[in-house]
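Please read the following report alongside the sequence and the model. It moves from backbone geometry to sheets and then to the nonpolar core.

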Amino acid sequence: MTELLERISICVEFGKVDLKSPYPPALKDQQGAFELTRIALDSGVSPGVILEEALIPAMSRVGEKFSRNEIFVPQMLMAAKAMNSSMIHLRPFYLSGETRRKGTFIVGTVTGDLHDIGKNLVAMMIEGAGWEVIDLGVDVSTEKFIETADKYPGAVIGLSALLTTTMENMRKTVASLREIRHSMKILVGGAPVTPEFCVKIGADHYSPDPQGAVEFLKSIAQ
Amino acid sequence: MKTVLSGRSKEVIIDTEGPVIIIGESINPTRRKKLASTLQEKNFDYMLSVARSQIKAMADVLDVNVGFPGVVDEELLPQAVIALQDNFDIPLCLDSPNPAAIEAALKVARGRCLINSVNGEERSLQRLLPIAREYGAAIIGLVLDDDGITHDPVKRLKIAEKIIERAVRAGLREEDVIIDPLAMAVSADPNACKVTLETIRLVHDRLGHNITQGASNVSFGLPNRENINNAHMAMSIMYGLTCPIANPEKISGLVRAADLVLGRDDYAVRFIEHYQTTLSS
């Protein structure tokens, strides 16, 4: 059983989606995360164990390698694709309530900002860490964030801005969210954002990379 | 088709037949953190030194973006424009998402500026086209609209057509609309650059307009970024890009080489001039 989990984990880490996927060449013609997850579930491994012992460690290794510049955006996206192919089988267990997530994370880029790659990477890493992710997309208004936060009490909010010209909108959104929900945890990121800016606008945490966001969520979930 | 910009007195002609004109990208606090801190103190010395090194590296036009949190760019952008024009006679490209800042800068600017940018959103067209008309500015038309960003080159072409048509109806000359085909990161979408290149080809072949693009971001999320940027830039020029917004210190050599390869530089005069200028500095 451990061997099967290990194989799923490797498939996710290196982006082996399914039998047909040509990457990585070393795993050619072998089953991928999609098939192996099905086999694991059918042989009685619980969805929670697959998540905890295969997916989360795999995505964590991916995040760490990305932080160290050992892998790059396309490799991270491949890993996320493999993770998603595994999640197809796990999702029904979440929906039925049989397996629980660690919490809910609402994410989007702020008003006026259309750059979504960083935001997408954070969203997939956090999903890979066992959280439910509500991705509101790009150019998200403050009202939309508030409306969604109302639907998911206790959710953590993540805001992304890639331009100095949209950082001002990040400040506005944080201020409005704070007015309504004092204790809500707010995470900020994006190329021009700094730890000082995070403190100044009253957000809770700044991370320069996706793995840092995952670590922060881990620290507050405990 | 020719788009004419000017500084205090110097004219720069962007011609669809080439050669490539470089719009220097570096006056932008997103790319240079030191700019934000010095501009905040209304100290323009650093900005002027960034301008000077870009001009030395053969920038033909300078993009000016001074937007960052805590700044009223309706005040700062015109001040930056005055400081630049007091020192340099180079056309400016006014870069702000805030139409009020663009308008305030146009009020004080001498010569003929370029507005960066108008897009196909109704709000953007209605607000910015009359301003461009009033101050006689040229515009960059960014091919996204109220439906957001499309990944279909034909739809991007349609948005370009719409922007041009609306600009002409607002009283601008057709040649004063430079199209930005929208460059996106190839790390997140393997077809991103191909879509942009195809859009450039369509705009060039069907509309014949000048084309710009801020393309340093196509390599986001990958190593050896310069190789990717250079490959994308060379192919873009081949398809019809005429005035990239880029860092002249990194790109002028490539641009001169591309013009030479495309037969736009007889006796390699400009290419050799660039080589000798950079050799001596």
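## Backbone geometry in loops and at cis bonds

A268(B) lies in the loop that runs between α9 (248-261) and α10 (269-280) of chain B, where helices (H or I, at least four residues) and strands (E, at least two) are DSSP runs numbered from the N terminus. Although A268(B) is not a glycine, its phi is positive, at about 55 degrees. A268(B) counts as partly exposed because it has 14 C-beta neighbours inside 10 Å; by the criterion used, a residue is buried if 20 or more other C-beta atoms lie within 10 Å of its own, exposed if 12 or fewer, and partly exposed in between, with C-beta atoms placed from the backbone. The model is a predicted one, in which local features need pLDDT of at least 70 and side-chain atom pairs count only at pLDDT 80 or more, while totals for chains, interfaces and linings use all residues. Residues are numbered from 1 along each chain as its sequence is written, and chains are lettered from A and ligands numbered from 1 in the order in which they are written.

A positive phi, near 50 degrees, is also found at N224(B), a residue other than glycine, in the loop between α7 (192-207) and α8 (225-239) of chain B. N224(B) has 9 C-beta neighbours inside 10 Å and therefore counts as exposed. Turning to peptide bonds, the one from Y23(A) to P24(A) is cis, with omega near -20 degrees, and P24(A) is placed in the loop between α1 (2-14) and α2 (33-42) of chain A. The bond from N116(B) to S117(B) is cis as well, with omega near 5 degrees, but S117(B) is found in strand β6 of chain B.

## The open sheet of chain A

In chain A, five strands form an open sheet in the order β2-β1-β3-β4-β5, with parallel pairing; two strands pair if DSSP finds at least two bridges between them. Strands β2 (132-135) and β5 (205-206) of chain A stand at the edges with a single partner strand each, so one side of each has no neighbour in the sheet. Strand β3 (residues 156-160) of chain A pairs with strand β4 (residues 186-189) of chain A in the parallel sense over four bridges, and G158(A) has L187(A) in β4(A) as its bridge partner.

Strand β4 (residues 61-64) of chain B pairs with β5(B) in the parallel sense over three bridges, and D63(B) stands opposite C93(B). On its other listed pairing, β5(B) joins strand β6 (residues 114-119) of chain B, again parallel and over three bridges, with L94(B) opposite I115(B).

## The nonpolar core

The largest nonpolar core has 151 residues, and V12(A), V64(B) and I115(B) have the most contacts inside it; such a core is a set of buried Ala, Val, Leu, Ile, Met, Phe, Trp, Tyr and Cys residues joined through C-beta atoms within 7 Å. Domain 1 (2-96) and domain 2 (104-221) of chain A both give residues to this core, so it lies between them; the domain bounds come from an automatic or database domain assignment.
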